[in-house]
Amino acid sequence: MTVVAKVRVRGGEPTVEAVFTGGYIEATASPKGDLDLPGRWVDWENRVPGPSWISLAWRAQDDRLHTGARTTLNRLLNTAHTEPYEGGDVDVDWPSWRTFAAALGNPQLTMAELRPDLWAITETAAVIQQDGVILSDSPESPSLSALRDWLTAWEKAGRPAPETYTPTLVPADDDQSSAGWHLRLSR
């Protein structure tokens, strides 16, 4: 999941000039056969029967065998509950939703591709896909309840466009940012 930021460095200090929707293809040490598969931060992937993958914000809490990532992806691929998203009269505005979810900074945030060209944003074991279908491991799932709360907050915020967020660069205190900075978005 990406939010694109235009950053300018003046006098050795970076500042964000704009935030907008978009994406990029990461450079990798070897050729990539699937340009939609991120080059890093994929915590588990399946290649058969079809390609699927998951990327966890909570990877530090997973074990070295990626049991949490593998289990979550399998639960999402074999869902017991589906429902249409009822949050409005129009389709899911994916750039708005993706940016809103990223701005939450929730430690349970997860990004997945369950089948080619169908991305999903999830709160652990419940997802909303680009096509507006919500999947979860059960109708009483705590993850489904949390996802519904996120969607309600997004609707109440008016489905904000990415460029309406206030961006802030904060120094990175971990090894997940090669540039040494994290982008935080607020409203």
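**Salt bridges and nonpolar cores**

The model is predicted, so local features need pLDDT of at least 70 and side-chain atom pairs count only at pLDDT 80 or more, while totals for chains, interfaces and linings use all residues. Residues are numbered from 1 along each chain as its sequence is written, and side-chain values use heavy atoms, with hydrogens and water left out.

A salt bridge is taken as a side-chain nitrogen of Lys or Arg within 4 Å of a carboxyl oxygen of Asp or Glu; the count by this rule is eight. Arginine 8 pairs with glutamate 17 at 2.5 Å, N to O, and glutamate 17 is partly exposed at 34%. Lys6, Arg8, Arg10 and Glu17 are joined in a network of such bridges. Glutamate 83 bridges to arginine 148, with the closest N and O atoms 2.6 Å apart. This pair links distant parts of the chain, strand S5 (residues 81-84) and helix H3, 65 residues apart. Helices (H or I, at least four residues) and strands (E, at least two) are DSSP runs numbered from the N terminus. Glutamate 83 is buried at 17%, whereas arginine 148 is partly exposed at 34%.

A nonpolar core is a set of buried Ala, Val, Leu, Ile, Met, Phe, Trp, Tyr and Cys residues joined through side-chain atoms within 4.5 Å. The largest has 22 residues, and Trp97, Ile128, Leu147 and Leu151 have the most contacts inside it. A second, separate core of 11 residues includes Ala69, Leu76, Ala112 and Leu135.

Note on methods: Buried < 20%, exposed > 50% of the residue type's maximum accessible area, 1.4 Å probe, protein only.
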